[in-house]
Amino acid sequence: MSQSLSPTAREPETVESIYPEIAMYIDGRWTDGSGSRREPIVNPATEEILGFVPLAEKSDLDAALAAAERGFVVWRDMPLDKRAHILHRAATLLRERSAEIARIMTMEQGKALPEARGELAGVATTLDWNCEEGLRAHGRIIPRGPGETLSVVREPVGPVAAFTPWNFPAGSPMRKIAASLSAGCSIVIKASEETPATACELVRCFEDAGLPGSVLNLVFGVPAEVSEHLIPSPIVRLVAFTGSVPVGKSLAAMAGAAMKPSMMELGGHAPVIVCPDVDPVAAARSSARAKFANAGQVCTSPSRFFVHESLFESFVDAFVLAAEQITVGNGLTTGVQMGPLVNERRLSSVHNLVEDARRRGAKVLTGGNRLPGPGFFYAPTVLTEVPMDAAVMTEEPFGPIVPIVPYADLDDALRLANSLPFGLAAYAFTHRADTVDVLTRGLQAGILSVNHAGGSVPQAPSGGFKESGFGREGGSEGLDGYLVTKRISHRMAI
Ligand code: NAD
């Protein structure tokens, strides 16, 4: 059965939302940059133009680099309690402004308003957590005997060049800003041109909290032009990227050519293994909530379902029901659970995956179609009888598509789960400790969730294996990439 937009889901709430003017923030000043190039920002739920984002010229990027170089010294040398005061103040401002920023995020990105609010609550906590970790990023003294001290100190690596995508317009930039600033680094961040207003609002919180202007610089531009200018610059000491595997590989290569460390949070294609000992309906409902969050545009989204043959049918039926019960519409409308895809490009890419599966013999049990416009809406889609060589089984779908495959033997499920070059997230449903043990040891993924499909938390690390990247964001590991370790041995006599 194919879906339509729910009839009540068209009209957004009547509360007026003002979409702000977009500018870059360079050396403590809001600026349109030195050129005249700009790009429209489109509301994916209505296809209306919300505003325009200015694109940086080389001279703007040079100004941001020079500011970050100066800002690094100012920030590194500021007493830590003063730094922490500014960062905690920015987190407080974010909480105070989160209702308005959430509405702006939904307008430019499309996700349902409650999800946008949840993301903003999370970013304030991320900032507080990283700030506290920065206070604890100390070294150690190693005993050597009288007349000599041997110590290890950890210092901020230097100015960071960061690049973030549109799917978490606040969460993704904040992970990089919070880690940079908490470690004592300055940063030039190119946030997504598709969701620039949320990034501007985050930066405004730091500005209003008293962060020295040169420390945090926000630019927009033609992505490849910006990365090709920033990464080789001798001012930049660390490259941090979240986005697709192909772009991540090219940026990591560019960083490697300049012998700079990089942190890569790239895509995945998360397997979900549903074992025979669980309630298939509960497992399907829990998976569906996670799958359709942000219309499936999440790097850790559960996206390949391997379900034991004994409960395959019940699981599929429950998933189809859950998919058909999702209220799709403008994310600003009360009751909407799933918004549009972010742009026309994503919409056709998702539909092409479904068409490819269909051509190869897959059954489309629900969805499989674009929903009537305006807006880039795609119906929650469930597929069965999907061959393993269908593109949807090998390419990160980044959309609301659910291919479900039966398995007979856990080893087979594990082999299929590990068969792709990705290794970001994995999920399992089972109550058996021995099965959890097998899966914990066997799954090649940086994040494993058992009996739930919940998201990341600031106090634990996130990141991938294999082509899903390297480096960890969050947890006590989260500042490691932003710090360098220095050994100092000091003899009292020559
Ligand atoms: P993309 O890789 O082209 O863009 C993702 C982000 O990277 C965007 O913000 C873009 O501005 C930036 N980017 C692209 N090329 C760049 C470059 N040369 N230098 C610097 N930044 C650059 O992805 P897309 O077309 O928006 O989406 C396609 C696929 O990317 C998705 O299907 C998904 O698989 C993946 N993706 C992953 C994540 C993630 O969180 N890991 C986020 C967004 C997209």
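Tutor: Ala, Val, Leu, Ile, Met, Phe, Trp, Tyr, Cys and Pro count as nonpolar, Asp, Glu, Lys and Arg as charged, and the others, Gly among them, as polar. The model discussed here is predicted.

Student: By class, which residues make up the shell around the ligand?

Tutor: The shell consists of 25 residues, and Trp-166, Ser-227, Ser-244, Arg-345 and Glu-396 come nearest to the ligand. Sorted by class, the shell has eleven nonpolar, eight polar and six charged residues.

Student: Which element gives the largest share of the shell around the ligand?

Tutor: The elements that give two or more residues to the shell are helix H6 (223-230), strand S10 (238-242), helix H7 (245-257) and helix H10 (344-359). The largest share, three residues, comes from H6.

Student: How far from a nitrogen atom of the ligand does a polar side-chain atom of Ser-227 lie?

Tutor: A polar contact is a pair of N or O atoms within 3.5 Å. A backbone N or O atom of Pro-223 lies 3.3 Å from a nitrogen atom of the ligand. For the polar side-chain atom of Ser-227, the distance to a ligand nitrogen atom is 2.7 Å.

Student: How much of the area that the ligand exposes when taken alone does the protein bury?

Tutor: An N or O atom in the side chain of Arg-346 is 3.1 Å from an oxygen atom of the ligand. Taken alone, the ligand exposes 780 Å². Of that area, the protein buries 85%.

Student: Which peptide bond is cis, with omega about 5°?

Tutor: Most peptide bonds are trans. Pro-374, in the loop between strand S14 (363-366) and strand S15 (381-384), takes part in a cis bond. That bond joins Gly-373 and Pro-374.

Student: What is the phi of Glu-47?

Tutor: Most residues other than glycine have a negative phi. Glu-47, in the loop between strand S3 (38-42) and strand S4 (49-54), is not a glycine.

How values were computed
Residues numbered from 1 in each chain as written. Predicted model: local features only at pLDDT ≥ 70, side-chain atom pairs only at ≥ 80, totals over all residues. Heavy atoms only, no water. Near = heavy atom within 4 Å. Polar contact = N/O pair within 3.5 Å; in protein donor to acceptor, adjacent residues only side chain to side chain. Areas by Shrake-Rupley, 256 points an atom, 1.4 Å probe, with all protein chains shown as cover. Helix = DSSP H or I, 4+ residues; strand = E, 2+ residues; numbered from the N terminus.
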